[in-house]
Amino acid sequence: MKKKRMRNKKNISVKAHKKRKHGIMDKEKAAQNVSPVVKKYWFQRYNLFSKYDKGIKMDEEGWYSVTPEQIAIRHALRCVAAIAKPKPVVIDCFAGVGGNAIQFARMCCSVVAIDIDPKRLELAINNAKIYGVQHCIDFIVGDFFQLAPSLKGDIVFLAPPWGGPSYKSIENFTLDFLKPRDGFTIFQFAQAITPNIIMFLPRNVDLQQVEELSWLSSPPLEVEIEENYLQNNVKGVTAYFGGAACH
Ligand code: MGP
Ligand code: SAH
């Protein structure tokens with residue numbers, strides 16, 4: 001005789017209901033296992049990587065630094081729109097766990113992803129595999145400032161460290177707060193590669209100074225600045241320079 005699977009009022013089988021309940025309990029346990037610094041970013045994990053559950057790996061700095069996926073997609077779309085070439089070469093000079101590099105690769109860019117931390121770059125490689133784009137990215141462990149003179153690309157993407165989550169406590173975030181060198185120095189190294197530069201900066205950045213970056217070139221580069229929102233919250237500011245700016 002066929003056994004009828006028990007169903008509750010909402011027509012969910014008891015087995016499925018138990019599985020879902022255990023899933024929720026596993027997630028609650030996982031939330032308890034993350035450090036207090038990471039917790040608030042962990043709750044936003046699907047905004048950071050929509051494929052988070054497929055095996056995305058992060059470390060503490062990766063959690064608080066990764067560009068949310070929708071913003072990284074926006075950066076990649078702008079990049080493709082700016083460079084009229086089938087496979088533009090993008091240099092992601094501070095690649096972290098790969099949030100931006102992955103989206104550049106998904107938009108058919110050829111990507112050079114640099115990070116000084118070999119362990120974090122391993123996480124980026126793992127994450128790029130989850131999105132099936134690892135073959136489009138050259139991962140280089142190294143110091144951007146040392147590598148810069150030998151780099152060639154159509155566009156340079158800069159998302160350097162902002163000094164950790166406490167960046168928010170600074171009222172007017174001037175470019176000298178950027179790490180590991182001030183924003184003017186970072187920009188000058190990038191400019192020696194190409195005038196097409198995209199820079200992802202804190203929402204409290206001194207906008208006057210960001211505009212002044214364009215004066216490091218003669219004639220001054222075009223510059224365009226946008227705020228990046230996610231679910232009505234501003235997450236950062238992106239500055240587009242040279243050919244990356246909208247003309
Ligand atoms: P946040 O301001 O720490 O989080 O980072 P949130 O949830 O907006 O904070 P709240 O307190 O206002 O609710 C927002 C985003 O900024 C992160 O998702 C990262 O994309 C980016 N970001 C933050 N930090 C500290 C860095 C950093 O050091 N480097 C880079 N490149 N990006 C960062
Ligand atoms: N956009 C990235 C996050 C970048 S966080 C993402 O979406 O995942 C900034 C990264 O810069 C960190 O991973 C840090 O290890 C790296 N970094 C710091 N100094 C560096 C240097 N001199 N050269 C290259 N990478 C550096």
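A backbone N or O atom of Ala159 lies 3.3 Å from a nitrogen atom of ligand 1. The model is predicted; local features need pLDDT of at least 70, side-chain atom pairs count only at pLDDT 80 or more, and totals for chains, interfaces and linings use all residues. Residues are numbered from 1 along each chain as its sequence is written, chains are lettered from A and ligands numbered from 1 in the order in which they are written, and side-chain values use heavy atoms, with hydrogens and water left out.

Accessible areas come from the Shrake-Rupley method with a 1.4 Å probe; for residues, only the protein chains shown count as cover.

The shell of ligand 1 holds 19 residues, and the closest are Lys40, Tyr41, Val66, Tyr167 and Arg203. A residue is near a molecule or strand if one of its heavy atoms lies within 4 Å of it. Helix 2 (36-42) and helix 4 each give at least two residues to this shell. Helices (H or I, at least four residues) and strands (E, at least two) are DSSP runs, numbered from the N terminus. Ligand 1 sits in the largest pocket. On a 1 Å grid over the protein atoms alone, a pocket is an open set of points with protein on both sides within 12 Å along at least five of seven lines, whereas a cavity is a set where a 1.4 Å probe fits but cannot get out; lining residues have an atom within 4 Å of a point. A molecule sits in either one if more than half of its atoms lie within 2 Å of its grid points.

A polar atom of the Arg120 side chain lies 2.8 Å from an oxygen atom of the ligand. For Asp143, a polar side-chain atom lies 3.0 Å from a nitrogen atom of ligand 2. The backbone takes part through Gly98, where an N or O atom lies 3.4 Å from an oxygen atom of ligand 2. Alone, ligand 2 exposes 590 Å², and the protein buries 95% of that.

Glu61 belongs to helix 4 (residues 60-65). Its contacts include no residue up to four places away in sequence by the count used here; Glu61 touches Arg120 and Pro161. Contact means heavy atoms within 4.5 Å. Val97 is 36 residues from Glu61 along the chain, and their C-alpha atoms are separated by 8.9 Å. Glu61 has a relative accessible area of 27%, so it is partly exposed. Buried means under 20% relative accessible area, exposed over 50%, and partly exposed in between (1.4 Å probe, protein chains only).

Backbone geometry stands out at several loop positions. The peptide bond from Lys179 to Pro180 is cis, with omega near -5°. Pro180 lies in the loop between strand 4 (155-158) and helix 9 (183-191). The bond from Ser218 to Pro219 is also cis, with omega near -5°. Pro219 is placed in the loop between helix 10 (207-213) and strand 6 (223-230). Cys108 is not a glycine, yet its phi is positive, near 70°. Cys108 lies between helix 6 (99-106) and strand 2 (110-115), in a loop. Its relative accessibility is 45%, so Cys108 counts as partly exposed. Gln231, again not a glycine, has a positive phi of about 45°. The loop between strand 6 and strand 7 (233-241) holds Gln231. Gln231 is exposed because its relative accessible area is 61%.

The chain has ten helices and seven strands. Of its 247 residues, 47% count as buried.

Definitions and conventions
Polar contact = N/O pair within 3.5 Å; in protein donor to acceptor, adjacent residues only side chain to side chain.
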